[in-house]
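Hi everyone, thanks for coming. Let me put the sequence and the model up on the screen, and then we can walk through them together.

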Amino acid sequence: SLWVTPARDDHEPLAALTDEISETQGIPLEHEDDFAWVAFVPTADGRRGALTKYFGSVAGREAYTFRGIECRQRSTPDFVADSQRDLVETLDDHREPEPVADRLAVHLATLRRGAVDPEALVVRKRVSKPLSAYEGRTRTVAALERYADHGIDRAPGQSVRYVVVDDDKRSRARVRLAFEADGYDEAFYADLLLRAAESVLAPLGWDRSRIERYLRETRDARLSSFG
């Protein structure tokens, strides 16, 4: 991928630039979009932005592009994906980390009071091998065992859909299938939500510890106002 920022108002047309690069380098380029702004999620070492994980506001349209982050990952529950998109919109509106963290607190509160429909918390995982070939006690294994209990076979290449209800367990009681879930493990999904928030805020220099510290300090400040 190639990202171009015009150095002046009378810059060379982008189409001419891509044609020139395509011809001289022998690599055909396609113009994906113009962005009002774009944010690259830092790599694990924090030294640079990952070119495969970014999000941005498309110029001239009320639309966003998401690449590589949680809301584009098939396994991400709808509630977490929708919350992350909402955090990006909040960032677009305010361009500061604090309002994004405040919005995160709202989603966390909704989750922790048990107000999220379990259907919005379904995790989707593709099965890579038969149940008998798995060795570890993963969530996928727990889900496959529950499918087997219902007489449903899931072959490699198919998906399992489950809600995590008690991630401390390692038995099939760890999860419930999407059609049998009536609750969820709040801590497990809060962790997913915090990871998604970190992807949004990391380009602004806020890692998970900074986010959690802000949430804790804000909560303590609110509580002290009632003292």
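The protein chain has six helices and six strands; helices here are DSSP runs of H or I with at least four residues, strands are E runs with at least two, and both are numbered from the N terminus. Along the sequence, they come in the order α-β-β-β-α-α-β-α-β-β-α-α. With a radius of gyration of 22 Å, well over the 17 Å that the globule rule gives for 227 residues, the protein chain is more spread out than a compact globule. That radius is taken over C-alpha atoms, and the rule is 2.2 Å times the number of residues to the power 0.38. Along the principal axes, the C-alpha atoms fill a box of roughly 65 × 60 × 30 Å.

A quick word on what we are looking at: this is a predicted model, where local features need pLDDT of at least 70 and side-chain atom pairs count only at pLDDT 80 or more, while totals for chains, interfaces and linings use all residues. Residues are numbered from 1 along each chain as its sequence is written, and side-chain values use heavy atoms, with hydrogens and water left out.

How much of the protein chain is buried? Of its 227 residues, 37% count as buried, meaning under 20% relative accessible area, with exposed over 50% and partly exposed in between (1.4 Å probe, protein chains only).

Now to the charges. The whole structure holds 17 salt bridges, each being a side-chain nitrogen of Lys or Arg within 4 Å of a carboxyl oxygen of Asp or Glu. My pick is Arg208, which pairs with Asp191 at 2.7 Å between the closest N and O atoms. Arg208 lies in helix H6 (residues 208-224) and Asp191 in helix H5 (residues 186-201), so this pair ties together parts that are 17 residues apart in sequence. Arg208 also meets the side chain of Glu212 in a salt bridge, at 3.2 Å from N to O. Those two are four residues apart in helix H6, about one helical turn. Arg208 is partly exposed at 22% relative accessibility, and Glu212 is partly exposed at 30%. Elsewhere, salt bridges with shared partners join Arg137, Glu145, Asp149 and Arg172 into one network.

Most residues other than glycine have a negative phi. Arg95, however, has a positive phi, near 55 degrees. Arg95 sits in the loop between helix H2 (78-94) and helix H3 (97-112), and is partly exposed, with a relative accessible area of 49%.
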